[in-house]
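Good morning, and thank you for the time on today's agenda. I would like to take the group through one protein model, from its overall layout to a few individual residues.

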Amino acid sequence: MILLYIGEVLSELKLGNGTSLLIFVNIVAALPSSVGKTLSTGGEVDNTGGLALFALAFVLITMGIVYVQEADRKIPINYASRYKAGGLARSSYLPFKVNSAGVMPIIFASSLLALPVGIANFTGSALVASGAKLLYPGGPLYLPVNVGLICFFNYFYTFLQLDPNDVSDQLKRQGASIPSVRPGRATAKYITTVLERLSILGSGFLGVLAVVPGAVEAVTHLQTFRGFGGTSVLILVGVATDTARRVKSELIVQEYDKLEEFYK
């Protein structure tokens, strides 16, 4: 309850999603120990090549996450009339992010996968405990179930954030339209198709992040990557970029407020 309250306070401060920020802090706090354990393990067995490959995988994952997180699909839209200084502006675009769901599918999937372990500890049932072992990290069902849950929640959360019918109605009210697409149902159907394709790309991206830690462990023979894998880096990058974007927007709003006070 205390953590939920802190998360709500952080959200009210407009610093980003409070729950995501708490998870971000938890991951950052565990980062030094994870890196130190990896270096000590590699040094004990003289696995210099494994450490180099480990570092390279970490850098490549981070670069890939930043690229995908900032990538978007720009749909051109035309306005019936829009004026700007120096002439008439008739065209713009509607941006849709490739991974619009961000880190939420991973959070939901991790929470559901941790539920059987909690139930087994609470009930003490041997049957539930055996099922929880199958879904525990390293278990035979952990990877396929995790990827499946991530894909499902990514698709669900994408359409929860963006309703194609609502976007189509807003464009129609603003006198905007997508080239070669009729306003109304045709626009909603077109946006739905675009979001479905983007959700497939986003799900594939998140699925790869779920598979990468196990692959890196198998090649480098370093078992410390499981606690700080691609999903953790995705949470770090996603929360950091979102928080930086929100803080920047708040600073811009404050500058506009100062200008308004100056001209009063």
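Predicted model: local features only at pLDDT ≥ 70, side-chain atom pairs only at ≥ 80, totals over all residues.

The protein contains nine helices and five strands. Read from the N terminus, the order of elements is α-α-α-β-β-β-β-α-α-α-α-β-α-α. The chain has 264 residues, and 34% of them count as buried.

Let me turn to the packing of helices.

The crossing of α7 and α8 is right-handed.

Is Met 104 buried or exposed? Its relative accessible area is 16%, and since buried means under 20%, Met 104 counts as buried. Tyr 157 is 53 residues away from Met 104 along the chain, yet the C-alpha atoms of the two are separated by 7.8 Å.

Next, the surface. A nonpolar patch is formed there by Leu 53, Leu 56, Phe 58, Val 59, Leu 60, Met 63 and Val 219. Together these residues have about 630 Å² of accessible area. Which element supplies the largest share of the patch? It is helix α3, residues 48–70, with six residues. One of the patch members is Leu 53, which lies in α3. Leu 53 has a relative accessible area of 36% and is therefore partly exposed, as this class lies between the 20% and 50% limits.

His 221 sits in the loop between α8 and α9, and at 61% relative accessibility His 221 is exposed. His 221 and Phe 54 are 167 residues apart along the chain, with their C-alpha atoms separated by 9.7 Å.The other pair involves Gly 238, in helix α9, which spans residues 230–263. Gly 238 counts as buried, at 11% relative accessibility. From Gly 238 to Glu 70 there are 168 residues along the chain, and the separation of their C-alpha atoms is 9.5 Å.

My last point concerns backbone geometry. Most residues other than glycine have a negative phi. Ser 180, by contrast, has a positive phi, near 65°. Where is Ser 180 found? Ser 180 belongs to the loop between β5, residues 176–177, and α8. With 85% relative accessibility, Ser 180 counts as exposed.

To close, I would ask the group to look again at two places in the model. One is the nonpolar patch, to which α3 contributes six residues. The other is Ser 180, with its positive phi. Thank you; I am glad to take questions.

Conventions
Residues numbered from 1 in each chain as written. Heavy atoms only, no water. Patch = residues over 30% accessible without salt bridge, like charges linked within 9 Å, V, L, I, M, F, W, Y side chains within 5 Å. Areas by Shrake-Rupley, 256 points an atom, 1.4 Å probe, with all protein chains shown as cover. Salt bridge = Lys/Arg side-chain N within 4 Å of Asp/Glu carboxyl O. Helix = DSSP H or I, 4+ residues; strand = E, 2+ residues; numbered from the N terminus. Buried < 20%, exposed > 50% of the residue type's maximum accessible area, 1.4 Å probe, protein only. Left-handed = near helix turned anticlockwise from the far one by under 90°.
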